[in-house]
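Subject: A structure for you to look through

Dear colleague,

I am passing on the structure below, together with some notes on what was found in it. Please read the notes with the structure open beside them.

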Amino acid sequence: MINVLIADDHSMVREGLKQLLELDGDIKVLGEAGNGETCLRLIDSLQPDVVLLDINMPEMNGLEVLERLRSKGSKQKVLILTIHNEVEYLMKAIEIGVSGYLLKDSESSVLKRAIYAVNNGENFIDATMTPLLKEQRYLKELQKEARSKEKLLSTREIEVLCALAEGLYNKEIASKLQISEKTVKNHVSNIFKKIGVSDRTQAAVYAIRHKFVDIK
């Protein structure tokens with residue numbers, strides 16, 4: 001038997017979920033909360049195995065509830081059930097320490113499977129969110145790589161890289177930065193080596209992709 005607490009600010013949603021989850025007899029709904037404060041109190045008193053948690057709630061939203069639980073070391077499994085399909089919400093929930101993230105338009109069989117999974121210590125992410133999550137993690141890796149390489153570039157090299165991205169030639173860069181053209185060539189060569197590119201176009205793309213310059 002899996003003991004569940006439902007936290008959602010719509011009473012009809014809570015009642016519908018309760019009836020659905022208790023249909024097969026292997027899940028028991030210990031209590032219901034209509035806001036974040038009540039949710040926290042019921043978790044302390046009822047000690048459910050799994051908390052089914054909405055994000056949009058008064059007094060304290062679901063992510064704030066999750067953050068409060070994790071900050072005090074609570075081990076309850078938390079499955080967020082929400083309408084929010086934006087990857088930012090998912091990433092934030094993962095950073096805080098959510099066990100699962102499911103959209104409200106999911107099939108009832110998927111909801112139950114998610115509850116079983118998080119109760120067993122597994123993570124469960126809505127299948128429609130997985131590609132977005134992978135893309136977001138890829139972007140974060142790019143940003144991390146950019147920050148690492150940025151530290152390798154000197155201030156002057158960053159200035160030269162930005163000038164390259166603006167489409168300036170070496171002579172123009174030399175004039176703009178008030179250095180010799182030979183010095184510009186040396187900087188360009190060093191930049192290519194440090195950021196792993198072989199020509200000016202690739203360097204410009206790198207500068208734009210990693211936000212050294214803005215596209216107007």
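Leaving out residues up to four places away in sequence, glutamate 157 touches Leu152, His187, Asn190, Ile191 and Lys194, where a contact means heavy atoms within 4.5 Å. Please bear in mind that this is a predicted model, in which local features need pLDDT of at least 70 and side-chain atom pairs count only at pLDDT 80 or more, while totals for chains, interfaces and linings use all residues. Residues are numbered from 1 along each chain as its sequence is written, and side-chain values use heavy atoms, with hydrogens and water left out.

Glutamate 157 lies in helix α7 (helices, H or I with at least four residues, and strands, E with at least two, are DSSP runs numbered from the N terminus). Is glutamate 157 buried or exposed? Its relative accessibility is 5%, so glutamate 157 counts as buried (buried means under 20% relative accessible area, exposed over 50% and partly exposed in between, with a 1.4 Å probe and protein chains only). The side chains of glutamate 157 and lysine 194 are joined by a polar contact of 2.9 Å, that is, a pair of N or O atoms within 3.5 Å, of which, within protein, one must be able to donate a hydrogen and the other to accept it, and residues adjacent in sequence count only if both atoms are side-chain atoms.

Turning to helix α2, which spans residues 36–46, its buried residues are Gly36, Cys39, Leu40 and Ile43. They lie on the same side of α2, because they cover an arc of only 95 degrees around the axis, the arc being that of the directions from the helix axis to the C-beta atoms. These buried residues pack against β1 (2–7), β2 (27–33), β3 (50–53) and α3 (62–71), whereas the face of α2 turned away from its buried side carries the exposed residues Arg41 and Ser45. At the start of α2, a side-chain oxygen of asparagine 35 comes to within 3.1 Å of the backbone nitrogen of glutamate 37, and just after α2, glutamine 47 takes a positive phi of about 50 degrees.

As for the whole protein, it has 10 helices and six strands, and 43% of its 216 residues count as buried. Among contacts with a separation of 6 or more, 62% are accounted for by residues 24 or more positions apart.
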